[in-house]
Amino acid sequence: MIRLSFSTLNSMETCHKWYLNKMMGLEKEDFPYFHAGRETHDVVQKHVSGVKENESLTKAGLDEKFYFPIVEVEKFDKNCRFQKDFGDYELIGYVDGKNIDNKRILEIKTVNGQVWSLGKCQKSMQRKIIGLCMPDYAESLYITLTRDFSKLNKYLIPFTEKDRADALKYIQDGIEVIEKGKFELEGDKNTCYRCIYRLNCQWSKL
Ligand code: SF4
């Protein structure tokens, strides 16, 4: 069984060398902003699960209507894990929180500048993949906010049949690239964007 993640599938659109680096087990770079984002996630997750209220989030309308009894409390939290098989491949991922009673998934997007628009959240392939892999859930709550909580948008977005069909095609296309073993992208898409492998990647344009 070959394991896929959203990052792996995403690399089929951005830089195929990412997948090769992953398969070679190269070390990733650890950016400080990853941890800053993690701290903001933690504050939101504690708030929506009722562990510790945050006044800014309450003022932004995140009240008891947006309750999530299960949130990710550690990296790779098994309570937030989802998994779905696609032939010889298995897709593994994690959500930020979930509430089976109202069939709602939580996704948090922490940003430096502009918070995400509704359109951007609706288009998110990660959201669609979650909808496909977690068919018992009907909608997702997207919370997109800055690290200082000064800007925050929240959207309730239903999972549609089209979302799930889009996700299935995206996954099948990604698997097709791996099966063909042709890890090159055409034209401009072949440009290195200096990802987390940049220090160890032989194709990196540092
Ligand atoms: S460092 Fe550049 S070339 Fe290498 S995997 Fe990342 S984006 Fe691709």
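**View 1. The buried residues of helix H6 and their cover.** Lys128, Ile129, Ile130, Gly131, Leu132 and Cys133 are the buried residues of H6. A residue is called buried if 20 or more other C-beta atoms lie within 10 Å of its own, exposed if 12 or fewer, and partly exposed in between, with C-beta atoms placed from the backbone. Their cover includes helix H1 (6-14), strands E3 (81-86), E4 (89-94), E6 (104-111) and E7 (139-146), and helix H7. Helices (H or I, at least four residues) and strands (E, at least two) are DSSP runs numbered from the N terminus. The model is predicted: local features need pLDDT of at least 70, side-chain atom pairs count only at pLDDT 80 or more, and totals for chains, interfaces and linings use all residues. Residue numbers start from 1 along each chain as its sequence is written.

**View 2. The crossing of helices H6 and H7.** Two packed helices are described by the angle between their axes and the distance between the axes. The axes of H6 (residues 125-133) and H7 (residues 161-180) come within 8 Å and cross at roughly 100°. Axes are lines fitted to C-alpha atoms, for helices over the stretch in contact, and angles run from 0 to 180 degrees between N-to-C directions. H6 and H7 are therefore roughly perpendicular to each other; angles of 65 to 115 degrees carry that label, those under 35 count as roughly parallel, those over 145 as roughly antiparallel and the rest as oblique.

**View 3. Residues at the contact of H6 with H7.** On the H6 side the contact is made by Met125, Lys128, Ile129, Gly131 and Leu132, and on the H7 side by Asp163, Arg164, Asp166, Ala167, Leu168 and Tyr170. These residues divide into six nonpolar, one polar and four charged. Ala, Val, Leu, Ile, Met, Phe, Trp, Tyr, Cys and Pro count as nonpolar, Asp, Glu, Lys and Arg as charged, and the others, Gly among them, as polar. Two residues are in contact if their C-beta atoms, placed from the backbone, lie within 7 Å. Asp166 lies in H7 and counts as partly exposed, with 17 C-beta neighbours inside 10 Å. The C-alpha atoms of Asp166 and Ile129 are separated by 8.4 Å, although the two residues are 37 residues apart along the chain.

View 4. Thr160 lies in the loop between strand E8 (152-158) and H7. Thr160 is partly exposed, with 13 other C-beta atoms within 10 Å. Thr160 and Lys128 are 32 residues apart in sequence, and 8.5 Å separates their C-alpha atoms.

**View 5. The surroundings of the ligand.** The ligand is surrounded by 13 residues, of which the closest are Cys15, Cys192, Cys195, Cys201 and Ser204. A residue is near a molecule or strand if its C-beta atom, placed from the backbone, lies within 6 Å of it. By class, the shell holds eight nonpolar, two polar and three charged residues.

**View 6. Lys17 and its contacts.** Lys17 is placed in helix H2 (residues 17-23). Lys17 is buried, with 20 other C-beta atoms within 10 Å. Not counting residues up to four places away in sequence, Lys17 touches Phe183, Cys201 and Trp203. From Lys17 to Leu168, 151 residues apart along the chain, the C-alpha separation is 23 Å.

**View 7. Two loop residues with positive phi.** Most residues other than glycine have a negative phi, and most peptide bonds are trans. Phi of Phe76, which is not a glycine, is positive, near 55°. Phe76 sits in the loop between strand E2 (70-71) and E3, and is exposed, with 9 other C-beta atoms within 10 Å. Lys103 also has a positive phi, of about 55°, although it is not a glycine. Lys103 is found in the loop between strand E5 (97-99) and E6, and counts as partly exposed, with 14 C-beta neighbours inside 10 Å.

**View 8. Val73 in the loop between E2 and E3**. Val73 counts as partly exposed, with 14 C-beta neighbours inside 10 Å. Val73 and Ser5 are 68 residues apart in sequence and 20 Å apart in space, C-alpha to C-alpha.
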